[in-house]
Amino acid sequence: MFANLPAAKDDPILSLGLAFKDDPRSDKIDLGIGVYRNEHGATPVMKAVSIAQQRLLDQQTTQAYIGLAGNASYNQAMLGLLLNGTDAFSRAIAMQTPGASGALRLLADLIASAKPNAKVWLSNPSYVNHQPIMQAAGLDVGFYPYFDPVSKQVDEPAMLEQIAKLGPNDVLLLHGCCHNPTGADISFSAWQSITELALKNGFLPFVDLAYQGFGQGLMDDILGLQHLAQQVPELLIASSNSKSFGLYRERSGVAIVVGETLQQATNARGKLFELARRSYTMPPNWGAAIVAEILNDAQLSQQWQQELNQMSQRMRDLRQCLAQEFALQSGSDRFNYLTQHQGMFSLTGFNQLQLEQLREQHAIYIVSGGRINVAGLAKTFIPRLVESCLAVGV
Ligand SMILES: Cc1ncc(COP(=O)(O)O)c(C=O)c1O
């Protein structure tokens, strides 16, 4: 059966993590895998999450199945968090999924069922799993211009020029905030232009929201998404709680479908049930139950938002310190883009040779392509990091 299978290729990000683990040097720095870390290098359980978990354990009476849609109160809370106050709210359904990854795949399958010849447009570059997930669902994939490697910002005119060519057969996948891997987000005015183009030309917007609260704030981070939701007839959202609740391993996400009418969205939910049934059937419970417990309790929700704000503040501080140290040591302001990026990531443009030298000579681990995870830093590492980067000629 398996004789003809080729040997599996290593996952480049995970194998970098393993190489880091095995590196005996005590001053090693890991800027690789996309996980938030505090000043001590730990990814702690948030206090709001610990409280919610304890309550759930105390109240638990059964482990019986819940159902294809998962936890109804979670689904309602996620809909409220993302769409309350927008026109889309009354025409939307939500379905709990195994992470945003599960939502991306389920929604890709939904698109393929509704319109098998649809083409999904991704930013260039995009989250490494977007293309394989869309293609695994049988969808055609194209790329729209996104990142300008010189300014390290979004090339919005080039992006909008391509998006203006999309029509009813196209799906436009956007990052809700804190773009992975670049860290460069589109402006609010670009969200407005995209909304107008979607209304005029009829393509379907699809927003992947994996870092809500890691940029400017919980609600500020979804202003663009909400603008879109206020106006377009149809919209897809895949949202993750891995980062914003620190629930990485619990696989908590949600797929949202906004239809022209609630009936159409409900029909789409029926299709999602069928699609889920033939793969994982039901989503895991625990992470979503924790999120529902937090979002449905005003005090706990406030506690969670405070912790989330502290995390995003730490990332903004680190960006500031890093840019200042680069300016100090290099005498140039060419690293100031670090302060304009949002969330955990920045695409640095460091080349492969520089990345290898950083790893071999300086014990600094950065994924190929040059994406750094700012949250992997402690402030005390910054002078050595900058010195090493400049030593390899960045
Ligand atoms: C842009 C983007 N979308 C989706 C995901 C997947 O998130 P989850 O852990 O919820 O599956 C990630 C995770 O890194 C991501 O960066």
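Buried means under 20% relative accessible area, exposed means over 50%, and partly exposed lies in between (1.4 Å probe, protein chains only). This is a predicted model, in which local features need pLDDT of at least 70 and side-chain atom pairs count only at pLDDT 80 or more, while totals for chains, interfaces and linings use all residues. Residues are numbered from 1 along each chain as its sequence is written, and side-chain values use heavy atoms, with hydrogens and water left out.

**Stop 1: Thr182 and the loop around it**

Start by selecting Thr182. Is it buried or exposed? Thr182 counts as buried, because its relative accessibility is 0%. You will find Thr182 in the loop between β7 and α7; helices (H or I, at least four residues) and strands (E, at least two) are DSSP runs, numbered from the N terminus. Now show the side chain of His179 as well: a polar contact of 2.8 Å joins it to the side chain of Thr182. A polar contact is a pair of N or O atoms within 3.5 Å; within protein, one must be able to donate a hydrogen and the other to accept it, and residues adjacent in sequence count only if both atoms are side-chain atoms.

Next, pick Pro181, which sits in the loop between β7 (170-175) and α7 (188-201). The peptide bond leading from Asn180 to Pro181 is cis, with omega near 15°.

**Stop 2: the ligand**

Bring up the ligand and its surroundings. Which residues surround the ligand? They are Gly99, Ala100, Ser101, Tyr127, Asn180, Asp208, Ala210, Tyr211, Ser240, Ser242, Lys243 and Arg251, where a residue counts as near a molecule or strand if one of its heavy atoms lies within 4 Å of it.

- Asn180 places a polar side-chain atom 2.8 Å from an oxygen atom of the ligand.
- Asp208 has a polar side-chain atom 2.6 Å from a nitrogen atom of the ligand.
- Ser240 has an N or O atom in its side chain 2.6 Å from an oxygen atom of the ligand.

On its own the ligand has 390 Å² of accessible area, and the protein covers 91% of that. Such areas come from the Shrake-Rupley method with a 1.4 Å probe; for residues, only the protein chains shown count as cover.

**Stop 3: strand β9**

Strand β8 (residues 204-209) pairs with β9 in the parallel sense over 4 bridges; two strands pair if DSSP finds at least two bridges between them. Look for Phe206, which stands opposite Leu236 in β9. With helix α8 (residues 223-231), β8 and β9 make a right-handed β-α-β unit. A crossover is right-handed if, with the strands pointing away from the viewer, the path from the first strand over the helix to the second runs clockwise.

Strand β10 (residues 252-258) pairs with β9 too, in the antiparallel sense over 6 bridges. In β10, Val258 is the bridge partner of Leu235.

**Stop 4: two positive phi angles**

Between β9 and β10, select Arg251 in the loop. Arg251 is not a glycine, yet its phi is positive, about 55°. Its relative accessible area is 30%, so Arg251 is partly exposed.

Then jump to Thr281, in the loop between α9 (262-277) and α10 (286-295). Thr281 also has a positive phi, near 70°, in a residue other than glycine. Thr281 counts as partly exposed, at 25% relative accessibility.

**Stop 5: β3 and β4**

Select Pro125, in the loop between β3 (119-124) and α5 (130-136). The peptide bond from Asn124 to Pro125 is cis, with omega near 5°. β3 pairs with strand β4 (residues 140-145) in the parallel sense over 6 bridges, and Ser123 has Tyr144 in β4 as its bridge partner. The chain runs from β3 through α5 to β4 in a right-handed β-α-β crossover.

**Last stop: the cysteines**

How many disulfides are there? The count is 0, where a disulfide is a pair of cysteine sulfur atoms within 2.5 Å. Select Cys177, which is buried at 3% relative accessibility. Its sulfur is 3.9 Å from the closest cysteine sulfur, in Cys178, which is too far for a bond. Finish at Cys389, buried with a relative accessible area of 2%. The closest cysteine sulfur to that of Cys389 is in Cys321, 15 Å away and too far for a bond.
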